[in-house]
Amino acid sequence: LWFVLFVDAIRLARPRLLPRVRRALVLTVATVTAVGVLGGTVYASQLVKTQRDVVTKVFTAKKVVNPLKGRYNILLMGSDSGHGRTGIRPDSLTVVSIDANTGRTVLVSIPRNLEDVPFPTDSPMHQVYPYGFNCGSECLINAVHTAAADRKDLYPHAKDPGLEATLDAVEGATGLRLNYWVMINLRGFRQLVNAVGGVTIDVKTPIATFGHDDAYRQTYIQPGKRKLTGNQALWYARSRVQSDDYTRMGRQKCLMSAMLSQLSPQKVLLNAQDLARSSLQLISTSIPAKEFGAFADLALKARNQNISTVSLVPPVVNTESPDFAAIHQLVAKAIKRSERLDAKKPVAKASKKPTATPTQTPSTPASPGVDDTPAKANQSDDLSATC
């Protein structure tokens, strides 16, 4: 309709009666304006359709859960059902606890090897494991999903009993009641990072981009401030060669912090199509579509504030024989402390200096060893500064 209006405006201007130069100028300006408005409208409509498709296909849940004590507690899981594994093993478990008013965020991370995890008394799994998930060295928290995957007798109305059991286990471990969950497909994560043009990380020590089965590759992400591709970001988050689980958890938090600070609304808009395609393969969640806008607002608030972290890892927590009463107090104190801290955080200006390229050097680093600096991100009142 706007295009028709511009064409009609050209007709009313009667350009034939104008001198040649003015006629050319009027026609040029009118044509460029008409095409610009038409093209912008078509592009905007495509964005709206793309976003609607993502929201309707990803955010399919209907149940809305109100904030608990003024906070949203969302379990973020990284799923990995790779070669040689039975069922889904969520090796990355992080409760994102968000102040419903300010967006102030606390990340509570749970190691995959946490043992003897208790289930709340109202959980069906409590009937089977009244003294916690203590059936031996294989009964780690990341194995709860597999153990309950076929237990329709315990969760008759659940599409995924293993997922419901995992939620119960996380509640028992942290003492927090969960509002929602988000499952991240680790393979799809690469596409997300590529869709926004990479993510810049301050790499502290060489990160191996190979596993024990392909150690002959000997390729590394070298130290320095680097813009990582999706594949490199995935290695940064998952690599355990010359590292350990707990240090890896610290790197994952640093990656979360970097993504939150670098994913601006403008970048999301400019990469909407690629983001939509990656999101469909990346995320499944219990967050309903009607809550999408509220959480987008909270994410924008969280970008300008300090993120606190607390991780249930040694030396703070003994993962083989954990004291869950002490863990509950640890988590509660971390949340209370975050609420007392100054919520305002100055936004760092983007550096104009060229960023180093995401180099992978096929040579063994001069001084390989455990990258212990990111491990400090496991217990922090300001995640961005720690990373």
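Me: At the start of H5, which side-chain oxygen reaches to the backbone nitrogen of glycine 162?

Reply: The model is a predicted one. In it, a side-chain oxygen of aspartate 160 comes to within 3.1 Å of the backbone nitrogen of glycine 162, at the start of H5. A polar contact requires a pair of N or O atoms within 3.5 Å, and this pair is within 3.1 Å.

Me: What makes H5 mostly covered?

Reply: Of its 14 residues, 13 are buried. A residue is buried when its relative accessible area is under 20%.

Me: Why is threonine 174 counted as buried?

Reply: Its relative accessibility is 1%, and the cut-off for buried is under 20%; threonine 174 therefore counts as buried. This residue lies in helix H5. Leaving out residues up to four places away in sequence, threonine 174 touches Val95, Val108, Ile110, His328 and Val331.

Me: Which backbone atoms lie 2.9 Å and 3.2 Å from a polar atom of the side chain of threonine 174?

Reply: The backbone oxygen of valine 170 lies at 2.9 Å, and the backbone nitrogen of leucine 176 at 3.2 Å. The limit for a polar contact is 3.5 Å.

Me: Why is H5 called roughly perpendicular to H12?

Reply: Helix H5 (residues 161–174) packs against helix H12 (residues 324–340) at an angle of about 85°, their axes being 7 Å apart. Angles of 65 to 115 degrees count as roughly perpendicular, so H5 is described in that way relative to H12. In this contact, Gly172, Ala173 and Thr174 of H5 meet Phe324, Ile327, His328 and Val331 of H12. By class, the residues of the contact are four nonpolar, three polar and no charged.

Me: What makes H1 roughly antiparallel to H2?

Reply: Helix H1 (residues 2–13) and helix H2 (residues 20–58) have axes 9 Å apart and pack at an angle of about 170°. An angle over 145 degrees counts as roughly antiparallel, and H1 is therefore roughly antiparallel to H2. From H1, the residues Trp2, Phe3, Phe6 and Ile10 meet Leu27, Ala30, Thr33, Ala34, Val37 and Leu38 in H2. That contact has nine nonpolar residues, one polar and no charged.

Me: How do you know that H8 is largely enclosed by the rest of the structure?

Reply: In H8, 13 of the 18 residues are buried, so the helix is largely enclosed. At the start of H8, a side-chain oxygen of aspartate 244 reaches to within 3.3 Å of the backbone nitrogen of tyrosine 246.

Me: Why is asparagine 194 called partly exposed?

Reply: Its relative accessible area is 47%. Buried means under 20% and exposed means over 50%, with partly exposed in between; asparagine 194 is therefore partly exposed. The residue belongs to helix H6 (residues 186–195). Leaving aside its neighbours within four places in sequence, asparagine 194 is in contact with Thr229 and Gly230.

Definitions and conventions: Residues numbered from 1 in each chain as written. Predicted model: local features only at pLDDT ≥ 70, side-chain atom pairs only at ≥ 80, totals over all residues. Heavy atoms only, no water. Helix = DSSP H or I, 4+ residues; strand = E, 2+ residues; numbered from the N terminus. Buried < 20%, exposed > 50% of the residue type's maximum accessible area, 1.4 Å probe, protein only. Contact = heavy atoms within 4.5 Å. Axes fitted to C-alpha atoms, helices over the stretch in contact; angles between N-to-C directions. Parallel < 35°, antiparallel > 145°, perpendicular 65-115°, else oblique. Nonpolar A, V, L, I, M, F, W, Y, C, P; charged D, E, K, R; others polar. Polar contact = N/O pair within 3.5 Å; in protein donor to acceptor, adjacent residues only side chain to side chain.
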